[in-house]
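These are my notebook entries on a protein model. I set down what I looked up and the rule behind each term.

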Amino acid sequence: MGVPPNKSYTNINLGFGSMVARNNNTQCHKNSLLHDVLFLSLWCLTIINQTSMKNLRIQNILISAVLFAALLPLLLYAGQTGKIVGKVTDKKSGAPIVGANILIQGTNSGAAADIEGFYSISNVPPGMYILSVTSVGYKRSVIQNAIVKIDLTTEIDVKLEETVIEGEEVVVVAQRPIVQKDLTSSSVTISADEMKMMPVENLSQVINLQAGIVGGHFRGGRSDEVAYFVDGVSVNNPISGVAGFVPENASVREMEVISGTFNAEYGQAMSGVVNIVTQDGSSEMHGSLSAYIGDYITSHTDVFLNLNNQNLLRTKNYQFSLSGPTYLLNKLTFFMTGRLQDEEGYLYGKRVYRITDSAATFPNPNDRSIFINHNTGDGAIVPMNPYRKYSFNGKLTYYLGAFKLSYSGFIENAKWQNYDHAWKWAPDGRITNFSENWIQNFQVTHIISNNTFQSLKFSLNKFTGKGYLYENPYDARYVDPNQGVPASSYTFRSGGNQGGRYDNRSQTLIGQWTFASQLTKEHKVSLGVEGRKHNLYAHGTGLVVRFTAADTVFKPQYPQLGTIGNQSYNKSPFEASAYIQDKMEYDIMIINAGIRLDYFDPNSSILYDLQNPTRNSLYPDAGRMKKTTAKIQVSPRLGVSFPITDQGIIHFSYGHFFQIPSFGNLYTNSDYLVAPTAQLQSVTGNPDIDAQRTVMYELGLQQQFLTNISFDFTLYYRDIRNLLGTEIIETHEGFKYARYVNRDYGNVRGFIVSVEKQYSDYYSLRADYTYQIAEGNASDPLSVFYNNQSDPPLATNKKVVPLNWDQRSTLNVSLNVGERGNWMTGLIFGYGSGFPYSESIRVSGGLTFENGGVKPATYSLDFRADKTFSLFGLNANVFMLVYNVLDIKNEYNVDNASGRANVNLYTNEAGPIYGLNTLHEYLNNPTSFSSPRNVRFGVNLDF
């Protein structure tokens with residue numbers, strides 16, 4: 001039985017196909033299950049054995065050829081829907097009721113019970129539904145509150161009562177399962193209704209509340225190792241690698257956050273997946289209007305300038321949603337939502353200096369005790385972290401028989417500034433950042449049968465980012481970038497402006513063809529292919545400083561394009577993927593098994609002789625370039641869940657996960673421009689880099705206590721290799737530069753304990769505790785570059801050290817108390833042990849220990865209260881939202897000697913300050929602490 005490890009991959013695929021075919025006969029259930037388990041064990045051993053062999057690249061190419069040939073005509077299934085299954089029986093005798101009709105009210109989805117009374121309805125969007133079950137001679141049964149979640153199976157068994165009176169009806173309220181028996185790895189689904197009760201206003205806040213996630217880092221991984229999907233389509237910015245767009249809460253139907261291993265349908269991620277399904281239009285007209293205002297109320301005005309002046313309009317937010325039929329075509333519905341978010345922020349500066357001012361000067365160069373300040377500012381208070389964003393989402397949905405067509409568009413335009421403490425007294429000289437992102441998505445879903453469907457998707461994603469002080473690069477208001485540079489340490493900037501500017505644009509065309517089928521009661525198979533075509537552009541430059549003091553009038557000028565200080569690139573990489581996934585559901589176990597193939601062509605060239613970036617003709621192959629090679633990765637995934645009882649489940653999962661580094665790191669400085677100096681200054685990209693790799697293991701237990709309390713315990717381990725890092729290359733002339741390579745590594749291990757009490761008796765409670773150790777040789781890919789810039793160079797870590805985001809203990813507690821539809825209060829308490837930092841060698845005995853110190857622990861408490869009532873026939877809701885209720889000053893950035901925020905042990909060595917600020921004013925950096933208490937009041941009207 002099974003396939004020996006020395007057989008070829010083709011035979012493994014044939015074995016899988018025969019496994020599916022055998023299970024068409026339900027009489028062979030037990031023998032088939034035994035075969036499947038043995039097959040999966042051998043299959044995983046085969047993959048592991050093959051990937052450890054020396055000729056891995058040759059095998060990958062052969063595997064890829066086989067997979068592409070096998071899967072080219074097949075389709076992709078993205079996780080946007082769930083499934084309802086169950087059994088219909090006679091309440092008195094327990095006999096199956098053949099032919100019973102099960103219908104999801106308000107939809108065209110339904111099924112008929114088979115000879116065993118079993119039914120299955122696939123392709124059900126997430127949400128809460130009402131089921132109607134009918135059969136001749138029986139009372140109609142209505143099941144309310146049937147909850148469907150993304151990628152999961154909802155099991156609802158129905159017992160019908162005999163009747164002699166036509167039209168009799170029995171109403172049953174479905175109970176949400178405390179434990180999910182087909183959950184084979186850690187994931188959490190959050191519905192739109194659940195988010196409304198939480199003291200949050202964006203999806204990022206919801207994501208960071210989940211167990212194992214710290215500040216956007218999923219289970220100890222880097223922040224760019226997470227894949228974000230909206231309606232099954234990737235929305236990661238290919239240049240930065242992070243989410244390019246996240247929809248507003250009002251657009252979300254349900255969100256799934258996967259922090260453990262994930263199925264083969266997901267790729268280009270090593271740490272986690274965020275899967276968002278948006279709202280469709282409704283058959284009846286619905287809408288809402290909401291607005292809130294707010295301010296910061298804090299006692300820490302000694303740190304936070306200007307917050308002693310109360311201003312309820314410091315934060316403003318306006319939002320609307322509208323959904324219903326278009327009345328243009330029958331079954332053509334729409335959904336739209338828009339939001340304006342305008343925040344002045346809580347970080348302020350003072351206009352002591354204007355852009356045209358300059359640093360202090362000395363009448364007598366030999367006597368520095370007398371100096372003259374050149375400040376002409378008006379002393380006005382200036383916001384230094386303002387944020388303003390417009391967003392809009394519109395969606396059209398049309399049902400045409402067995403087809404569902406939808407078109408959605410997302411538009412987002414934002415403008416903001418980042419706080420820079422050095423510019424606190426000259427705030428007008430900082431650049432402003434702009435982003436404009438939009439996504440167009442067209443999807444056609446074809447319901448072939450109750451258990452089989454296919455879907456075609458096309459998406460065009462555009463992400464644009466810009467930054468500058470003045471839109472016109474030659475604006476006459478620019479001054480020399482060196483103007484206003486202070487003449488002493490611990491001194492604020494005394495005028496001048498930031499002269500840098502950037503422009504990044506990416507356009508990605510994504511095509512998917514989707515298919516999934518419940519082949520038998522036990523097997524749901526999905527297969528697929530996907531292609532992504534990118535067009536990338538990035539440009540960055542900065543003002544050239546005034547050459548001599550004799551140049552009395554500064555004229556803005558920049559280095560010549562294509563030289564150091566003014567570079568750009570245009571690249572067009574291509575990605576493709578294919579996978580096969582089988583979800584096998586038996587009484588004694590559920591198995592998720594799949595294998596994924598990823599293909600990446602950087603479509604670029606690299607320098608043949610990396611020691612000759614200057615193209616010096618004295619050396620062979622000067623200027624010669626060679627084509628980059630396409631990269632192919634094969635990733636096996638396996639998850640198994642064992643329902644011990646109806647109330648207890650054990651699960652295990654394992655998988656290989658690959659991810660190409662963000663394209664910005666691949667193509668940066670693609671002209672190989674290296675500064676011809678002895679000091680290390682230049683970094684080049686590497687489009688020929690290999691994929692980063694993570695192997696993840698997870699073992700967990702779900703257990704139900706009483707009727708509505710669940711306990712979840714999960715152990716996990718991650719082995720991370722081929723992470724992005726840098727190497728130092730010395731040129732033939734003796735210059736040095738850094739180049740991105742696969743060199744960093746790490747490992748993460750930990751456990752999670754979760755307790756949840758479902759809403760009943762007017763309250764619900766959830767508590768998640770995570771203990772985690774995240775270690776590696778480098779937190780930053782540029783660590784080697786920075787280490788070699790010092791004199792003498794610092795040694796590169798030869799062993800693992802705590803990573804910057806290594807928080808050993810994390811606790812989140814969420815409590816909701818109230819009556820739904822009337823009044824509700826919500827609290828979220830958070831605790832985190834201190835993050836690591838590198839101590840000064842002056843307090844560590846003269847030795848350097850990277851991240852050897854630990855910052856103070858952090859605490860947070862957020863609160864929401866709302867009341868719903870009727871107002872002129874409308875459903876009105878007033879609410880109050882308070883962040884950091886206790887106004888705690890968590891210390892995020894600490895001094896490397898004292899280990900405390902804004903406390904310097906060596907102020908006696910600071911020397912004189914040639915400026916207007918005091919030493920205390922400079923050390924008093926507000927960004928060293930968490931944001932102060934923020935109170936918001938709002939109203940929402942539903943119609």
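**Entries on rings, a sheet and a patch**

I began with the aromatic rings and found that ring pairs join Phe229, Phe262, Tyr266 and Phe657 into a cluster. Rings of Phe, Tyr and Trp (its six-membered ring) pair if their centres lie within 6.5 Å. By this rule I noted 28 aromatic pairs.

The model is predicted, with local features needing pLDDT of at least 70 and side-chain atom pairs pLDDT 80 or more, while totals for chains, interfaces and linings use all residues. Residues are numbered from 1 along each chain as its sequence is written, and side-chain values use heavy atoms, without hydrogens and water.

Next I looked up charges over rings (NZ of Lys or CZ of Arg within 6 Å of the ring centre and within 35 degrees of the ring normal). Lys757 lies over the face of Tyr763, 3.8 Å from the ring centre. Arg842 lies over the face of Tyr906, at 3.7 Å from the ring centre.

I then turned to a sheet. Five strands form an open, mixed sheet in the order 3-2-5-6-9. Strands are DSSP runs of E, at least two residues long, numbered from the N terminus, and two of them pair if DSSP finds at least two bridges between them. Strand 3 (110-112) and strand 9 (169-173) are at the edges with a single partner strand each, so one side of each has no neighbour in the sheet. Strand 5 (residues 127-134) and strand 6 (residues 140-148) pair in the antiparallel sense over six bridges. For Gly127, I recorded Val148 in strand 6 as the bridge partner.

Terms used:
Helix = DSSP H or I, 4+ residues; strand = E, 2+ residues; numbered from the N terminus. Phe/Tyr/Trp six-rings, centres within 6.5 Å; stacked < 30°, edge-to-face > 60°.
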